[in-house]
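Please keep the sequence and the model at hand while reading.

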Amino acid sequence: MSESERKKRSQCIDVWEEAGSEFYQESYPGMEADLEAFQKNPNKLSTLLPSNKTRTARKKINNGTVCYQATATLKPVEYGTLYQNTMGCNNEIQISLMPDLSENLSNEELVWEEIMKIKTMPISMAHKKELKAKLKSADAFRLQGFQQLNWQKRKICNCLKTKWLEFYNKFHLWGSSFKKIEGHCGAGVVEFFLFIKLLIFLNAFTMVVVFIVLILPSVYWVELKEGIAPDLWNECGSSNESASIECCSAIYENTTRIARPRVTIHYIMDIIQGTGWVETTPMYYSYYPNQQFSVGKLFTYHVPLAYIVSTITYFLLFFLIIVRKSIKGFKQRMIETQVQYYLYSNSIFIGWDFCINNKIPAILKQKAIFNELRSFLIADRPKFENRNRSKKINIIIIRLLISFLVIALIGSACFSVYLIFYYSIKLLQREQTFMWAFLFEFATPVAITFYNIVLPIIFDVFLKFENRSMYQETRLCILRIICVRLSLLVVLLGSIYKLINCVREKSQCSSALCNSPLCWETYVGKIMYKLLIVDVVCKIGITILISCPRSILVRHFKNNLFQAMSNQELNLAKHVLDVIYIQIIVWLGSFYVALLPALGLVSMVIMFYIKRFSCIVNYSLAQKVYSPSRAHTMIMSMVLVSYVLCVTTWLAVVSKITPSRSCGPFKGLPSIWRVLIDFIRTIPPWTITCYEIMFSVNFVVPLIFILSCIVYYYHTVMESNKKMIVVLRKQLVLEGHDKQFLLNRLSAFIKQQDRRRKATENNGEIDVLLS
């Protein structure tokens, strides 16, 4: 093929692609002249369909002989009175043109399949009942033998699936709350509460795993089977200068061996602080021994191995669920970006639930559709305003100054937390009264929570001066809050690391130079426990004591001053980060506090009701409306990043830091991973051989090649599916033009028949008059 022919062909294809759906808006000549010819030869009508013309033109383009010129002389459609007269009866004509579902049904299985399809059809309930009755009344052959058996099995499975879904929906938690939230705040906020529900179930499953794998067997053997270990206090003494691990364990056990008091103020304070007699319960890391117990001749229960396996299990569970939910939200987001022009029509025409038969659900559904349309309209607003050069320079200077101020505030908060941590440790080493000791115990968690609450409020004030778009404000708000919370946690963990990683002599149980705790794992667990308690209590207090009175002032006092000072808008990003922050604490502390997932479960339930109360009662209708897919993507991306950071921190700790010599299942080991290494050495030799084969070059290289081929195959399938989607969309356009063409022909035929009937009647009247 010559270069000129190739250019012609590419030009023809470009013209074809640029024409799009406008290409098929044609006026068809001979609207009435060819009706008699169509009656004589109906097949001729199919040759004039737009889809048939398109196929012919495409064949010519593909052959490279003639450029598509068939419609070059055709004019656009002239919609006149013919179109206006037929618009009123289009719906009736489309319904009458629907195929009769009772025709050509050969057996009762096909009848049942068609009845199942009717349930998914977007038509009214009365029309569904009519079609279903028509199908049931139609004649059908009965199946015989294995066909009858397979059909009955399908029906039973489908019935059981339906009954199970109905039963499951009856126990669907907070279904009415979700509907109420959707009606008041929109579907995007519902995604936030569904995320809380997901975390509740994941923490519950984590608690079940930890209880079955670790807590129940350990309590059984430690409390019931083994009894009380021999007291080595007299042999080892009470000083820190004890070389053996047994003596270090005895020293720690005797320092924490406190008789469980009666229910007094000290008893309650020990529960709140997580200290005292609580340290001797299965709640903390120090409770679990470095032992193994034989279960008859079946197997040996290894406590250190069970401890680390339970932790890895629930971390893997969280990872799989988060990745699955993230991929699902990403798919939905991609679909919405590709079909964004149909969002309004989908919400208006198919957004209503026809099963609603009550006034209150109907009102909630109306509000939900309203909020969804509102979110679409806000997303379509222009992102930038026209500004001159001087305004742009002023805005850039203001943003730079505010950015430096934000960095200074975060840095000063981190430095103050560092100072509070070290001064509280020094003061606790002295003799203090009960109340002062209690305050110093909670000094660092209260300081961190205070900065987490106050600094985002200051940043919101800064955002009003930066003159950013709505979604830029949301992203910047999320970024700054994440920086605050992560930096404070990094400072806290760094301070703890400096305290526990201090230089220790070989004869010491812990570093006497830095006054390190004997069991640093339990110490870390107590800090995370107090951080969780303080954060949840502060959220409850702010909601009840500050947000609720402000909402009452807004509702009952119409003064502009009260409205300006007390009006509260829902900021979804802050609420998401509040919940994720609690889950981060649970992830970081669950290895050191075995019952922390249970506390996380209770905290998430409390947060659900607190946030529900805030969204429905305290907050007014916000200008920022979040679409469900956008909210889901934002939530899952933030929780995925937080999860990766927490797991990375945990892996660094268990691989780099030496466990305590005084407590826990890993005492005396150079690292926690040594347990897994020792376990691998005890497994049968054939498993090690299989492992070496699987990771050898002769196995890995062919595996990589096969995986590459599989990835290439699926990539090719994906590209072909994309092309097929484009073709099907164009085919849908052609089908629409075919229907319009046939309706125009039908209306012209009806008009011709009316004119002929009137002409016949007029001729009859003339004949009567003449006779």
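What follows covers the basis of the model, its disulfide, one threonine and a surface patch.

## Basis of the model

This is a predicted model, in which local features need pLDDT of at least 70 and side-chain atom pairs count only at pLDDT 80 or more, while totals for chains, interfaces and linings use all residues. Residues are numbered from 1 along each chain as its sequence is written, and side-chain values use heavy atoms, with hydrogens and water left out.

## The disulfide

The structure holds one disulfide (a pair of cysteine sulfur atoms within 2.5 Å). It joins Cys519 to Cys663, with 1.8 Å from S to S, and the link of Cys519 and Cys663 is right-handed, with 80 degrees about the S-S bond. Cys519 lies in the loop between helix H21 (470–500) and H22, whereas Cys663 lies in the loop between helix H26 (628–656) and helix H27 (674–682), so the pair ties together parts that are 144 residues apart in sequence. Helices here are DSSP runs of H or I with at least four residues, numbered from the N terminus.

Cys519 is buried, at a relative accessible area of 3%, and Cys663 is buried as well, at 1%. Buried means under 20% relative accessible area, exposed means over 50%, and partly exposed lies in between, with a 1.4 Å probe and protein chains only.

## Thr543 in helix H22

Thr543 belongs to helix H22, which spans residues 520–556, and Thr543 counts as buried because its relative accessibility is 7%. A polar atom of the Thr543 side chain lies 2.8 Å from the backbone oxygen of Lys539. When neighbours within four places in sequence are left aside, Thr543 is in contact (heavy atoms within 4.5 Å) with Cys548, Ile610, Phe613, Ser614 and Asn618.

## A nonpolar surface patch

A nonpolar patch on the surface has about 1300 Å² of accessible area together, and its residues include Tyr691, Met694, Phe699, Leu703 and Ile710.

Helix H28 (685–694) and helix H29 (697–770) each supply at least two residues of the nonpolar patch, and H29 gives the most, with eight residues. Ile710 has its place in helix H29 and is partly exposed, with a relative accessible area of 38%.

Terms used:
A polar contact is a pair of N or O atoms within 3.5 Å; within protein, one must be able to donate a hydrogen and the other to accept it, and residues adjacent in sequence count only if both atoms are side-chain atoms. Patches are made of residues with over 30% relative accessible area and no salt bridge: like charges are joined within 9 Å, nonpolar side chains (Val, Leu, Ile, Met, Phe, Trp, Tyr) within 5 Å. Accessible areas come from the Shrake-Rupley method with a 1.4 Å probe; for residues, only the protein chains shown count as cover. A salt bridge is a side-chain nitrogen of Lys or Arg within 4 Å of a carboxyl oxygen of Asp or Glu.
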